[in-house]
Amino acid sequence: MSLPEQRSTVEVGIEEKEGGVSGKGTWKHAAFHVATTIATPAAYAPLPFALASLGWPLGVSSLVSATLATWYSSILIASLWKWNGEKHLTYRHLAHSIFGFWGYWSIALFQQIASLGNNIAIQIAAGSSLKAVYKHYHADGKLSLQHFIVFFGIFELLLSQLPDIHSLRWVNALCTFSTIGFAGTTIGVTIYNGKKIDRTLVSYSLQGSSASKSFKAFNALGTIAFSFGDAMLPEIQNTVKEPAKKNMYKSISAAYTVIVLSYWQLAFCGYWAFGSQVQPYILASLSIPEWTVVMANLFAAIQICGCFQIYCRPTYAYFEGRIESSKSTSNFPLKNQLTRLFLTSIYMILVTLIAAAMPFFGDFVSICGAIGFTPLDFVFPALAYLKAGNISKNSKLGLLMKPLNILLATWFSVVAILGCIGAVRSIVEDIKNYKFFHDM
């Protein structure tokens, strides 16, 4: 029988693992989770560089439209949580309930790509921030970027022993405040640096040949898609107490308030300050005053700790559920903890090795956004809502939503293809120019 027309004990066990503690969190807790998964410094730090690859008109319009599209898509996903009278504790099971077998496995694939790619990218960002702090105090220090990527990986391995998403609520509260701190500090320092630069030397023209400009633009679309990535909404909604839909609407809107106040200002200020010469990771463009740059890097590293944890949970839960369901239920807590330590160690070794070997932050951001987050956060919600039949055919709103959903699904499918092309080309170019384990 195909998965999961009749829910087996295996699948229920996996759902319980993935769902975590159900129905205890407030809308504020959910807002912390949503803000932590989306508004990470690793997501919006490359936005000025994306604008520099698109130019002012196309860059601004792409950023604003992506914000509105993902807010709308998130509301759609929250609305589908119990669309057929049953709770859907994970993204995969929501997809199965609407699209069947292929929906389940398609979302499973995209979610794993998004989660793995996101964590590789943000581990590079965390390592870069920690290295910048280290260099401030030890200018002649011999520790490389790879050392700090490993240090961050060890710390995340310790956090990975917490049982579920709900147990991270206070970690993510701290991360949300760090997001605000990072945004405020970085925006202020960016404006300060911009004013110190000779403005006549700042150019906003697109750089390179026509082909190069096109590939950079494709790459930028993937970067913007990455910056709004959230592959965990049903899992987060499962932690919220009733009325879950209403509370989730509030949490999504609160999180997007933080996003608008941080994303747009940093993207616009960063591009204004440095023009076409802005770096893929905005903090690399900042130099003075040094103590504020250090503070921004610390905020970034703290926030990334929570974001990393949110995105590794689907992988942990899936394999834990499979292993435990293949045996008799263990009554030995120590055995369960050792199993968890073994699984999380394998995951952390894999992610850390890739991040250390190919520390091309901007490339991983783009390819992850194109083939991971774009299908999950732009295409699937629109198609799922249409398929579920939740749109009223007799209302003006229903008449508007149907063509809007079709337009979103079509356009962002094109964006995914273009972003993937641009990202793959950038990775190929970087591999030609840098050796593995290069100290960026």
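Relative accessible area, computed with a 1.4 Å probe on protein chains only, sorts residues into buried (under 20%), exposed (over 50%) and partly exposed (in between). The structure is a predicted model, in which local features need pLDDT of at least 70 and side-chain atom pairs count only at pLDDT 80 or more, while totals for chains, interfaces and linings use all residues. Residues are numbered from 1 along each chain as its sequence is written, and side-chain values use heavy atoms, with hydrogens and water left out.

Rings of Phe, Tyr and Trp (its six-membered ring) pair if their centres lie within 6.5 Å; planes under 30 degrees apart are stacked, over 60 edge-to-face, and the rest tilted. The structure holds 16 aromatic pairs. One of them joins Tyr-204 and Tyr-271 edge-to-face, at 5.3 Å centre to centre with 90° between the planes. Because Tyr-204 lies in the loop between helix H9 (169–196) and helix H10 (210–227), and Tyr-271 in helix H12 (residues 244–274), this pair ties together parts that are 67 residues apart in sequence. Helices here are DSSP runs (H or I, at least four residues), numbered from the N terminus. Tyr-204 is partly exposed at 28% relative accessible area, whereas Tyr-271 is buried at 0%.

Phe-215 and Phe-218 have ring centres 6.2 Å apart and planes at 85°, so they too form an edge-to-face pair. Both lie in helix H10, three residues apart, about one turn of the helix. An α-helix has 3.6 residues a turn, so residues three or four places apart point the same way. Phe-215 is partly exposed at 26%, and Phe-218 is partly exposed at 22%. Elsewhere, ring pairs link Phe-101, Trp-102, Tyr-104 and Trp-105 into a cluster.

Just after H12, Gly-275 takes a positive phi of about 60°.

Finally, helix H5 (56–79) and helix H15 (361–388) each supply at least two residues of the lining of the largest cavity. H5 gives the most, with four residues.
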